[in-house]
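Please have the model open beside you.

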Amino acid sequence: MDGTWVRQRAGEVAGLAEEVRSIADRVRRAGDAEWRSTAAAAFRAGLEAEVRRLLVVGGEVDEAAAALRAHADAIETPGPGPLVAGLLRGALP
Amino acid sequence: MRGGVGGVAARTEDLERAARLLGDAGAGLVATAMRLLGVAADPSLLATATLAPVSLAAAEARLAGALAGSAGVLRSAARLELLSLRLRAAAFGYRTADEGAERLAHDVDTGTVVLGAGLAVGLAPLAVPAVPLGLLAAVPLRGPHAGPPIGMAAGLLAAHAGLLEHAVDAVPGTVPQAATAILAVTSGSSLLRDHGTVALSASAQRAMPPTGVADLLSGIAACRVDAGAQPGTIRVEAVRDADGRRAWVVEIPGTQDWSPAPGGNPFDLTADVASMAGRPSAADHAVAAALDLAGARRGEPVLLAGHSLGGMLAAGLAADPAFRARFRVTHVVTAGSPVAGYPIPADVQVLSLEHADDVVPALDGARNPDRAGWVTVRQPVSGSPIAADPLVTHGIEGYRATAALVDASADPSLAAWRAGLVPFLRRPGATAVDLVVTARRAQP
């Protein structure tokens, strides 16, 4: 496995972050239901809070993707033992 | 309720569609979580630790946080499921209300109906089972009364969490079934897995025996982390009378850790799901091991008292033949716990405190058995008809106040129930030793 492969996984995770944001959009639409009352207002407030939380969740997933990209960079950066790393890289499946 | 013109306030089709949307969104998040888990646990990724261990550890920590952290995908999925359930409950309440009003409209005029609804509202806290569900929430929604009273009806739904029992009972899949399904979905991962072993540490101190149910709730409150206790703490009280006979009180706290990944604290979401699905958990083992550690002998009476998850554990243990073969459970006290589905034998005396505006005890979708040895005290705590704060309605402080009312009540059922508590309570010559036990789930 090399940095390119890890970067592909990072792209996959970034796609999941987009999915989370898309889910947040759909959740927001649940507030469109025709329902007027104080309980409905409380429900919509809860829904809005959940949408905000989902955007934070999306950000967390973005951070995970970024961390994977950093890991890909680290794999490709020659360290103090490039010869050993190269040998290990060749030995991995 | 009624479409189009004339004071329409809730369209049940809209609510049901929105509930489905939220349910689908929750399911979508679970699928996202599974794919994140797939990346995090990919053996090829883990193998890159030999090349860059530090950056891989950082990436894995980020992935774990995004998956199961406080701002993680799984928690959001669970919250969306709860929002979906609330909407389905609301839609069910409105629909049932509408059908009830339709039936009533055939026989009585509007004025009589409103009067009937008013009576039903007044009686509801005392006799919810006897009041037709339709009458509870329906009538103010109709015709000329469809303006401000709609808030009343929605408020009733929120204030009478008992309606949720009907809703949960009506929707496909009860919470126990959902718990089993959740365990099936997560079977390929370590989430919510409980291998059931615990390690205990304990300290003993002299104490005064409890004086009543409120003291039992105080004992449970003392097990909470915010009261200064270690995570995973339960209390075992040995009460000895003047003749040397012993009785045992076990006080069990509610959920202390909401992560789906089982950690060291056995009083966590994993125990909640296991208990709802009828499976043993490390928390169950903690209670049994604590009684063993304290030296409880077979034949000595045991009272199990718990709040929320603690009450579920108490009920589950009282219903467990293997546990009863080791310990003679004579009494169970639950506060804010959904325990209707636990097959507790008739010779165990049960007292269940349930706030009518606390949704947690309604989650099992059923009322507690109505029998001589099982007393359920049900009353509202918030004083607010709508949008009650769950921290208040479910919190142990509110239940302690309700327990104090039970201690002071002259109701014959409660008086008879309290009379059976004597071996566990303070009286002349009785002494007590408290064993404060901290349980840690042993990692495999």
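## About the model

This is a predicted model, in which local features need pLDDT of at least 70, side-chain atom pairs count only at pLDDT 80 or more, and totals for chains, interfaces and linings use all residues. Residues are numbered from 1 along each chain as its sequence is written, while chains are lettered from A and ligands numbered from 1 in the order in which they are written.

## Helices α1 and α3 of chain B

In chain B, the axes of helix α1 (residues 12-40) and helix α3 (residues 53-68) come within 10 Å and cross at roughly 165°. The two helices, α1(B) and α3(B), are therefore roughly antiparallel (an angle over 145 degrees).

By class, their contact has nine nonpolar, no polar and one charged residues.

## Helices α10 and α16 of chain B

Helix α10 (residues 213-221) and helix α16 (residues 396-408) of chain B pack at about 160°, with axes 7 Å apart. That makes α10(B) roughly antiparallel to α16(B).

## Two nonpolar cores

A nonpolar core is a set of buried Ala, Val, Leu, Ile, Met, Phe, Trp, Tyr and Cys residues joined through C-beta atoms within 7 Å; buried means that 20 or more other C-beta atoms lie within 10 Å of the residue's own, with C-beta atoms placed from the backbone. The largest such core has 70 residues, and B:Leu304 and B:Trp248 are among those with the most contacts inside it. Apart from that one lies another core, of 51 residues, including A:Phe43 and B:Leu37.

How values were computed: Axes fitted to C-alpha atoms, helices over the stretch in contact; angles between N-to-C directions. Helix = DSSP H or I, 4+ residues; strand = E, 2+ residues; numbered from the N terminus. Parallel < 35°, antiparallel > 145°, perpendicular 65-115°, else oblique. Nonpolar A, V, L, I, M, F, W, Y, C, P; charged D, E, K, R; others polar. Buried ≥ 20, exposed ≤ 12 C-beta atoms within 10 Å, placed from the backbone.
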